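Trainee: Could you take me through the aromatic rings in this one, and what sits around them? I'd like a close look at that part.

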Amino acid sequence: MICSVHTLGISGLQSRSVTAECYISNGLPGFDIVGLPDAAVKEARERVRAAIKTSGMTFPPSRITVNLAPASLKKAGTHYDLPILLSILAACGQIKRPRSNWAFLGEVSLDGQIRPVSGVLPMALAAKREGMEAVFVPAENAAEATLARGPAIYPVRTVKELAEGLNGERELAEEPIWVPSREERTLPDFKDVLGQEQVKRALEVAAAGGHNVLLIGPPGSGKSMLSKRLPSILPDMTWEESLEVSQIYSVMGLLNAKMPLMMDRPFRSPHHTVSNAGLAGGGSSPRPGEISLAHKGVLFLDELPEFGKNTLDLMRQPLEDGQVTISRISGTVTYPAEFMLVCAMNPCKCGWYGDPSGRCKCPESAVRAYRSRISGPLLDRIDIIVEVPAVHFEDLRARTEAEPSAQVKARVDAARQRQNQRFPGGMSNARMGSEELRRYCALDDASAALFQQAFDAMHLTARSYDRILKVARTIADLDGSENIQMQHLAEAIRYRSIDMDE
């Protein structure tokens, strides 16, 4: 007896249809799973056997072969448990055969419970593309699956409940489409930061254009505090952006039933001991790293020189391309990685180089060695470099409240709206290519002369030239100006004026 049950497989963020084909024959009892299964799929044999028995059904004492087709695609994950179990029950006649346009996902426990799995959102979107009529998923994944807004989603909790539903003995209720609540989500606010108005302005420019930032200052000057408040002034994500980010978090199993959609822009802050695979992604079965988890949001690297030099250099290609490709023997996967890089560092090992108090005793050679841990090519990909001075006593004692994030965000939103009108598809100024630079970043003669002087004096590269133009375009957008004017260019140049070789 042969029976097929449809499910879905996933590699990276790409999902495709998979069929669990069960063949039950005479002979010595045995249970084999073929079709390039990984260890988790092979172990499904024991979970499925126990779940069938504890659910009050009979596990057939026959020769059982389950093929996961197409056999050329590597199968990984525990979500194959449920389709394997159902193919066995249908092949031996204990349940009715599921329809060919139904798909099943879920891990089964030994007592017949159906546990949640990762990657349900991209698989539900694939089911929508392939015209599936219904997808049966663990109850805890149901809200997430409805975000695909395609096939009917049926939450299931136990094997027995699902079997009765397929046999017509119980009515399975369709999960309603999850709708975000309108409750306000509180983010750290810029009004908590006293002083540092120049740094706040630099972060406002960065948020308006999606630019990368490096903050340099002594300990306690507020570098981390300011960086953690950056998400509060970033534009709200569109539905498409939320869905794109949520797919990454779904693959990592970081969504839950109460909040199955990423609504706030991510803010990731890995420790400086993070491995290459932890930052860029990888593993034997490649998984997203921190740069992909920060997609459409902020990747904050505190104490930048303490990160491994090779680890930092891994970001150079994703910063340019907005994606990272991971190649392994098992295959190649590509994850999106379009993020704002925000870094913070001390000016030297002790942290007080250049402070008027003169407390820094680091020799010049030690300062240069400390700063040389950051490669030139990586610095070249940072648009804004700004000094964060120590906070003065008068600022800490000030009675006036600083400008709240809501006011700053209004200006950022207005600047992004100008960019949206200029670039269909929601591209920010930081992502402009050479054609957009020529078209939207033209300079008058006076501005061009100023830029030439700065280019020669600061020994800028071609990449730095482009990045200064992009920042100047963002400053002009914040100012509501159609063209880049001299004051916009001068401010953009000032954000590149710090000499890291001092």
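Mentor: Arg494 lies over the face of Tyr495, at 5.7 Å from the ring centre. Keep in mind that this is a predicted model. There's another arginine to look at: Arg149 has its charged end over the ring of Trp239, 4.0 Å from the centre.

Now for rings against rings. The structure has eight aromatic pairs. Take Phe31 and Phe59: their ring centres are 5.8 Å apart and the planes meet at 45°, so this pair is tilted. It ties together distant parts of the chain, 28 residues apart, with Phe31 in strand β3 (residues 30-34) and Phe59 in the loop between α2 (44-54) and β4 (63-69). Phe31 counts as buried at 5% relative accessibility, and Phe59 is buried too, with a relative accessible area of 12%.

Follow the ring pairs and you'll find Phe136 and Tyr154 joined with Trp102 and Phe104 in a cluster.

Technical notes: Residues are numbered from 1 along each chain as its sequence is written. This is a predicted model: local features need pLDDT of at least 70, side-chain atom pairs count only at pLDDT 80 or more; totals for chains, interfaces and linings use all residues. Side-chain values use heavy atoms; hydrogens and water are left out. Rings of Phe, Tyr and Trp (its six-membered ring) pair if their centres lie within 6.5 Å; planes under 30 degrees apart count as stacked, over 60 as edge-to-face and the rest as tilted. Helices (H or I, at least four residues) and strands (E, at least two) are DSSP runs, numbered from the N terminus. Buried means under 20% relative accessible area, exposed over 50%, partly exposed in between (1.4 Å probe, protein chains only). A charge sits over a ring if NZ of Lys or CZ of Arg is within 6 Å of the ring centre and within 35 degrees of the ring normal.
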